[in-house]
Amino acid sequence: MTKKALITGITGQDGAYLAEFLLKKGYEVHGIKRRTSLFNTARIDHLFNDLTLHHGDMTDASSLLHITQLVKPDEIYNLAAQSHVAVSFEEPEYTANSDALGTLRLLEAIRILGLNKTRFYQASTSELFGNAKETPQRETTPFYPRSPYGAAKLYAYWITVNYRESYGIYACNGILFNHESPMRGETFVTRKITRGLARIKLGLEDCLYLGNLDARRDWGHAKDFVEAQWLMLQQDTPDDFVIGTGVQYSVRDFVQAVAEALEITLRWEGQGLNTRGIDSQTGKTIIAVNPRYFRPTEVESLLCDPTKARLKLNWQPKISFHELVSEMAQHDLQKASKQINFPYHEVDFV
């Protein structure tokens, strides 16, 4: 019998990769998208004829209940969220409503409808660890979120555990470390870097302004990570897993890797807020620090210990850091080139 999957956040980076992954495995895929006045389906347009989309919102319990009742999915992947950490400081209440209570609404839909065979995946985040008390971070590392986003996701994590233990729902948390791709939103730092440097190389921009260059993260490819999400729901018993590469790079390292992928030779000068990245060929400053991009509370270092996922899920990343960076850089270089060659042609946002 064909399995049915329901994906919230299907129009996002992870949702698009997961939908593609599940379709290749023969799933009937349903997705929830918010009603907007502009098209926001560019990441899944190539899958349009192969999946079913439903209008709903994580802040609207009635729509979630109705869609869940209509689809009766075998698996639910809750990927929808207000997922931008900096924005969560500006919109903390909305972040809590969608990320924390939205998860509760879905779990309640499963409970109320008596969908005892439905399996639930909750997209947790390494931001739960925040000011981490040990390195690397694993499933037993104490949580210390440092943003409204992290705090909202902490509620979502524990309510998922609570419904698993209280009602016997097959529910898993995937605590995913940073995962990127050419489909990453342009306001996230990795995509901001690849897009900015690609445009600088082609003369479309002069300088890229960034925040904390010394923040260190464990960066993987979203395509690898959605496989781990699926694997969590294929086990005999539900459990929680941290997912990452086990390798760490700083934001400055990411900038350097992108510059090398684009054949830009960077020279670094200065310290702290006066740090500058200079194009050695032109002598111009193309990277600068702007305090406006610092968070009110910084998370300096996140690094995953993926041992449990490797042993229990038989999962490990296939795409390396430098392969990820090269793919993203070349994607944004091609996109920027289109703007030069076709200046009046509308280019999609991914």
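This is a predicted model: local features need pLDDT of at least 70, side-chain atom pairs count only at pLDDT 80 or more; totals for chains, interfaces and linings use all residues.
Helix 2 covers residues 61-71 and helix 4 covers residues 92-113. Their axes lie 9 Å apart, and the packing angle is about 45°. With that angle, helix 2 is oblique to helix 4, because oblique takes in the angles between the roughly parallel range, under 35 degrees, and the roughly perpendicular range, 65 to 115.

Which residues make this contact? From helix 2 there are A61, L64, L65, T68 and Q69, and these meet G102, R105, L106, A109, I112 and L113 in helix 4. Sorted by class, the contact of helix 2 with helix 4 holds seven nonpolar, three polar and one charged residues.

Helix 6, residues 189-201, and helix 10, residues 321-341, cross at roughly 50°, and their axes come within 8 Å. Helix 6 is therefore oblique to helix 10. This crossing of helix 6 and helix 10 is right-handed. On the helix 6 side, the contact involves T190, R191, T194, R195, A198, R199 and K201. On the helix 10 side, the residues are M328, A329, H331, D332, L333, K335, A336 and Q339. By class, this contact of helix 6 with helix 10 comprises five nonpolar, four polar and six charged residues.

I move now to the domains. How many residues are in contact across the two domains? Five residues of domain 1 touch six residues of domain 2. Between them, domain 1 and domain 2 bury about 550 Å², with 52% of that on carbon and sulfur atoms. On the domain 1 side, F89, E127 and R146 supply 70% of the area buried against domain 2, more than any other three residues.

Finally, two points of backbone geometry. Most residues other than glycine have a negative phi, and most peptide bonds are trans. Where do we find exceptions? The peptide bond from T135 to P136 is cis, with omega near 0°. P136 sits in the loop between strand 5, residues 119-125, and helix 5, residues 148-167. The other case is K72, a residue other than glycine whose phi is positive, near 50°. K72 is placed in the loop between helix 2 and strand 4, the latter being residues 75-78.

Terms used:
Residues are numbered from 1 along each chain as its sequence is written. Side-chain values use heavy atoms; hydrogens and water are left out. Axes are lines fitted to C-alpha atoms, for helices over the stretch in contact, and angles run from 0 to 180 degrees between N-to-C directions. Helices (H or I, at least four residues) and strands (E, at least two) are DSSP runs, numbered from the N terminus. Angles under 35 degrees count as roughly parallel, over 145 as roughly antiparallel, 65 to 115 as roughly perpendicular and the rest as oblique. Contact means heavy atoms within 4.5 Å. Ala, Val, Leu, Ile, Met, Phe, Trp, Tyr, Cys and Pro count as nonpolar, Asp, Glu, Lys and Arg as charged, and the others, Gly among them, as polar. Buried area is the accessible area (1.4 Å probe) that two parts lose on being put together, summed over both. A crossing is left-handed if the near helix is turned anticlockwise from the far one by less than a right angle, and right-handed if clockwise.
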